[in-house]
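Student: Hi! Could you show me how to read salt bridges in a protein model?
Tutor: Gladly, let's take a look together.

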Amino acid sequence: MSLFEQQSPVGRSTATQTAAAAASTVLRRKAEGSDKNGAAAPVSQKTESRSLFADDEEAFDDDDDDDGSKANETDALIGRKSAVKQQGGWWLSNQEMLYPALLTLLSVITRFYNLGKANHVVWDEAHFGKFGAYYINGTFYHDVHPPLAKMLVGFSELLTGFDGSFTFKSGHAYPENVNYKFMRLFNAGFGMTLAPMAYFTLRNVGCSRNAALLGGLFVCFDNALCTISRFILLDAILLCFTAMSALSLSGMYRYRKQPFSAAWWMWLLATGVSLGLVTSSKWVGFLAVALVGLYTLYELYDIFGQDEVRVGSYLLHWVARGMALIAIPVAIYMACFMIHFSLLYKSGSGDAEMDSLFQANLQGNGLKNQPLDVAYGSQITLKSSVPGVGLLHSHVDTYPDGSKQQQITGYTHKDQNNDWIIKKMHGQSYGNTTETVEHIKDGDIVRLVHKHTERNLHSHAVNAHMSKRDWEVTGYGIGETYRDSNDHWRVEVVEELSSKNPERRLRTLTTRFRLRHVAQNCALRASGKSLPQWAWKQAEIVCDRRNHLDENTVWNIESHINPLLPPAKADDLKSPFLRNFVRLNAAMARSNNALVPDKDKFDSLTSAPYEWPIMRLGLRMCGWDDSKVKFWLTGNPVVWWLSTLAVIVIGPLQMLYYAVRIQRGLGDFATADEWEKHLYASYILWGGWALHYLPFYLMGRVTYLHHYFPALYFAAMYLAYLIEWNGRRLTGSSLSLACKAAIAILGCLAIANFMYFAPFTYGFDYPAKMLSGRKWVSSWNIYD
């Protein structure tokens, strides 16, 4: 039967009535105590009670197909469920929602308790509180992370009536007009959601209520996850959206055999939304995209092998997933940047990371009130398209070798040595009135004269100083004194961003162009290297004789002074959103790549990925004065060490063991479906841990303990899943006394350890050495 073929309502209703009648007959016969021959058969009260409670306690059945294969079996339990409600009371009949409600209540208590104990700026509150203030002030800034989580921090500040004046300097006390308690509470609200979402995720992958409760308790009572949720940081928001993606993916798994049903669509769309939210908060959210993407590809591969699936149905599976899992996340991600740009409309500290045209549209930036079309005699500055290079610059210093002529560099700061006068070739003149002004066009040959030193921009067949394959660029001659043809450059327009420029004039801000040396046929280029100290470590500028047509050879005019020309119209200087979007993301990538550890400097806050699962190090979140409130970021040893054992040792070894036995034809599972369920659940939980943890070994950037927290979330759930899965295989049921005892004991141990390490989570204002008994590992820097 095709995946699109649904059972008719009439047929389904008939099946339901038949099953209900059958269930009623079975229950009646059991109540009468008769066997199939009509003889009395005693039934123990214990056996009867267990049969009634089993259905209420056992794991979700994820194969609720609409094809009717299990309809009779499922509906036959209606009578037993009614009996459960009568005999078990209100608790059993409402248990499905009481457990997550309990987890939510516990999360509220652990996350919201005494948030104001430290009345000073703690750790990265100095960064993210300040970024939130930028949204209040509308000031443009630059950061390595996407904007959503920071906008939410700004929203929490807005709700308090914060005016954006406090600068969130690390360790400084919060003034009375800054309601930091509510800002922390707002973030703690995101952390509060983790435990109940862990519960529902485990239920979706097939865990019983008890095992799902245990997973929720592991998450709720982990000290690290609790601590990181209690401050004005991005991590609670990131973890919330990561948990949403895991929950949504588990919902996709649960309803995978009911394609195009309402529940299937709901979870599919929820997955797309959660991916958009998590990637818009931090780029580590793309690891959740990898998790969902790999799962989706395997699911599509599995559907492809099903004989009953028609071509049209299969194509619709691709279309639905493409719309939900690609289009929706991309739309959310781009929408966050659109809001980001609209909120930050004033010139600020992040201007330099964007191009000149974007900067011109910021309030308070003087670039907009200048002439549009460039003419001979104009005073200009030339900006490289390569971020970090800055403006074409010269100064009186000369090269120590080579031609020993005046240095030409790239400089990122505003300076009079960035100013150039654009003139005609040697021996040619131009008009100097409003009637005779000559505009510069694509293909014109020009000469650039450094205003301060009067040297011409010059190149010749002398090797550059750092990039030996390219020619040196210098400042040479004084005005018309030396009429050297090596001072001539041809304008080559690459891109015009203004709407109307039929004459292809060279324009301020909107024209991207190259300057090609006429004699050497090389292009003015930022090499991407820095010159030595003799050039003040400024960017090297060369003439590229290999004709690289890349961004390094592209320039634009940033500032323009010419009293003979009218100022530009506002409509001519609009900066396209897509261009700004790409530019900012590229700048974020560069900033991320620049966050490399300094091998010559010891940083007690950083840690290596191998140290995280074993809790080798903690992290001091503030100053360590004896009388000051202190926080030490560390995990719950029960949760961390046992989950590490589960994800690194037990889980992988068991998967390998059973895979080998299945390959050899040894039957360890009653059905192939049982093994398949275990594989799917393990992929979502163990795979979520692996994809959120292992990539950090490949990253060159500096790493911190909190980078492990998304992986920990999956590891804690996988631990709870494995405990029940193995208990069920050893005892035959997740309802066995041994299984329940193991769950209860581990839950109590997790709570006890959380309470024991609570001073680190909620802060302590006495000498750290008084907590020496909690230094379980010699490398823990609890005290000096």
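The talk below goes through salt bridges in this structure.

Tutor: A word on the source: this is a predicted model, where local features need pLDDT of at least 70, side-chain atom pairs count only at pLDDT 80 or more, and totals for chains, interfaces and linings use all residues. Residues are numbered from 1 along each chain as its sequence is written, and side-chain values use heavy atoms, with hydrogens and water left out.

Student: How many salt bridges are found in the whole structure?

Tutor: A salt bridge is a side-chain nitrogen of Lys or Arg within 4 Å of a carboxyl oxygen of Asp or Glu. Searching the whole structure gives 33 salt bridges. In one of them, Glu96 meets Arg203 at 2.6 Å, N to O. Glu96 sits in helix 5 (residues 95–112) and Arg203 in helix 9 (residues 194–204), so this pair ties together parts 107 residues apart in sequence. Helices here are DSSP runs (H or I, at least four residues), as are strands (E, at least two), numbered from the N terminus.

Student: Are Glu96 and Arg203 buried or exposed?

Tutor: Buried means under 20% relative accessible area, exposed over 50%, and partly exposed in between (1.4 Å probe, protein chains only). Both Glu96 and Arg203 are buried.

Student: Which residue forms a salt bridge with Asp550?

Tutor: That is Arg525, with the closest N and O atoms 2.7 Å apart. Asp550 lies in the loop between strand 11 (539–544) and strand 12 (555–561), and Arg525 in strand 10 (residues 523–530), 25 residues apart. Asp550 is partly exposed at 26%, while Arg525 is buried at 9% relative accessibility.
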